[in-house]
Amino acid sequence: MEFPDKQPIIEYTHRLRSRYGETDRMGYAYYGRYLEYFEVARTEMIRSYGLSYREMEDSGVMLPVIHAELEYKMPITYDEEMHIKVMVYDMPTVRLQTFYEVRTSASDKVHVFGEVSLCFMDRESRKPLRAPESFLQGIQGQLNG
């Protein structure tokens, strides 16, 4: 998996502890949970910019996932505190492309790399549309701020 060769315009880290019910028989966080972890971190990143998924959806804009890619390097076990870093390298247009690194308090090595692309979509027509101006202004305000 390749990340862009430039500095991200957004970098946000969310802490989350792996829970018992999320582990498999080996005691590792189940691989399918990482997309959920990414969603939690992405939602909190957006909230940190004064925006919310709920308000965006209420205004008629959906943000479905159109691509997801993960690369597993090391397992995470029950009750480990994860540091899920979300990075955005380009200002969103029709697409919001997010990149992830998951580390733990126990190790500075990356456990999982990820990339998730989402598309801004009109709720009624289900057609792609440009990122809402309020969304872009929220990001721009933080970048200038």
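**Exercise 1. Helix α1 and what follows**

Task: In this predicted model, find the residue with positive phi that follows α1, then check the helix length and list its buried residues.

Solution. 
- Step 1. Go to the end of α1. Gly-50 follows the helix, and its phi is positive, near 80 degrees.
- Step 2. α1 has 16 residues, so at 1.5 Å a residue it should span 22 Å.
- Step 3. Compare with the model. The end C-alpha atoms of α1 are 23 Å apart, which agrees.
- Step 4. Apply the burial cut-off, under 20% relative accessible area. In α1 this gives Tyr-34, Tyr-37, Phe-38, Ala-41, Arg-42, Thr-43, Met-45 and Ile-46.
- Step 5. Recall helix geometry. An α-helix has 3.6 residues a turn, so residues three or four places apart point the same way.
- Step 6. Look at the tyrosines. Tyr-34 and Tyr-37 belong to one aromatic cluster with Tyr-30, Tyr-31 and Tyr-72.

**Exercise 2. The largest nonpolar core**

Task: State how many residues the largest nonpolar core has, and which elements give two or more residues to this core.

Solution. 
- Step 1. Count the members. The largest nonpolar core has 31 residues.
- Step 2. Pick out those with the most contacts inside the core. They are Ile-84, Leu-96, Phe-120 and Phe-135.
- Step 3. Two or more residues come from each of β1 (10-17), α1 (33-48), α2 (53-58), β4 (81-88), β5 (95-104), β6 (107-119) and α3 (133-144).
- Step 4. Find the largest share. It comes from α1, with six residues.
- Step 5. Zoom in on Leu-96. Beyond four places in sequence, Leu-96 touches Ile-46, Leu-63, Val-88, Val-116, Ser-117, Leu-118, Phe-120 and Phe-135.
- Step 6. In soluble globular proteins, nonpolar side chains tend to be buried together.

**Exercise 3. Aromatic pairs**

Task: Classify the ring pairs Tyr-89 with Phe-99 and Phe-120 with Phe-135.

Solution. 
- Step 1. Start from the total. The whole structure holds 10 aromatic pairs.
- Step 2. Take Tyr-89 and Phe-99. Their ring centres are 5.3 Å apart and their planes stand at 85 degrees, so the pair is edge-to-face.
- Step 3. Tyr-89 lies in the loop between β4 and β5, and Phe-99 in strand β5, so parts 10 residues apart in sequence are tied together.
- Step 4. Check burial. Both Tyr-89 and Phe-99 are buried.
- Step 5. Take Phe-120 and Phe-135. The centres are 5.2 Å apart, with 70 degrees between the planes; this pair is edge-to-face.
- Step 6. Phe-120 sits in the loop between β6 and β7, Phe-135 in helix α3, 15 residues apart.
- Step 7. Check burial. Phe-120 has 0% relative accessibility, so it counts as buried. Phe-135 has a relative accessible area of 4% and is buried.

**Exercise 4. Salt bridges around Lys-85**

Task: Find the salt-bridge partners of Lys-85 in Glu-11 and Glu-101, and judge the burial of each residue.

Solution. 
- Step 1. Side chains of opposite charge can pair when their charged atoms come close.
- Step 2. Note the total. The count comes to 11 salt bridges.
- Step 3. Glu-11 meets Lys-85 at 3.9 Å, N to O. The pair links strand β1 and strand β4, 74 residues apart.
- Step 4. Glu-101 also bridges to Lys-85, with the closest N and O atoms 3.8 Å apart. Glu-101 lies in strand β5 and Lys-85 in strand β4, so parts 16 residues apart are tied together.
- Step 5. Glu-11, at 49%, counts as partly exposed. Lys-85, at 21%, counts as partly exposed. Glu-101, at 12%, is buried.
- Step 6. Contrast a further pair. Glu-124 and Arg-123 form a salt bridge at 3.6 Å. Glu-124 is exposed at 66%, and Arg-123 is partly exposed at 33%.
- Step 7. Extend to the network. Shared partners join Glu-11, Lys-85, Glu-101, Arg-103 and Asp-108 into one network.

**Exercise 5. Lys-127**

Task: Locate Lys-127, decide whether it is buried or exposed, and list its contacts.

Solution. 
- Step 1. Lys-127 lies in the loop between β7 (121-122) and α3.
- Step 2. The cut-off for exposed is over 50%. Lys-127 has 56% relative accessibility, so it counts as exposed.
- Step 3. Leave aside neighbours within four places in sequence. Lys-127 is then in contact with Phe-120, Met-121 and Asp-122.

Definitions and conventions:
Residues numbered from 1 in each chain as written. Heavy atoms only, no water. Core = buried A, V, L, I, M, F, W, Y, C linked by side-chain atoms within 4.5 Å. Buried < 20%, exposed > 50% of the residue type's maximum accessible area, 1.4 Å probe, protein only. Helix = DSSP H or I, 4+ residues; strand = E, 2+ residues; numbered from the N terminus. Contact = heavy atoms within 4.5 Å. Salt bridge = Lys/Arg side-chain N within 4 Å of Asp/Glu carboxyl O. Phe/Tyr/Trp six-rings, centres within 6.5 Å; stacked < 30°, edge-to-face > 60°. Expected span 1.5 Å × (residues − 1).
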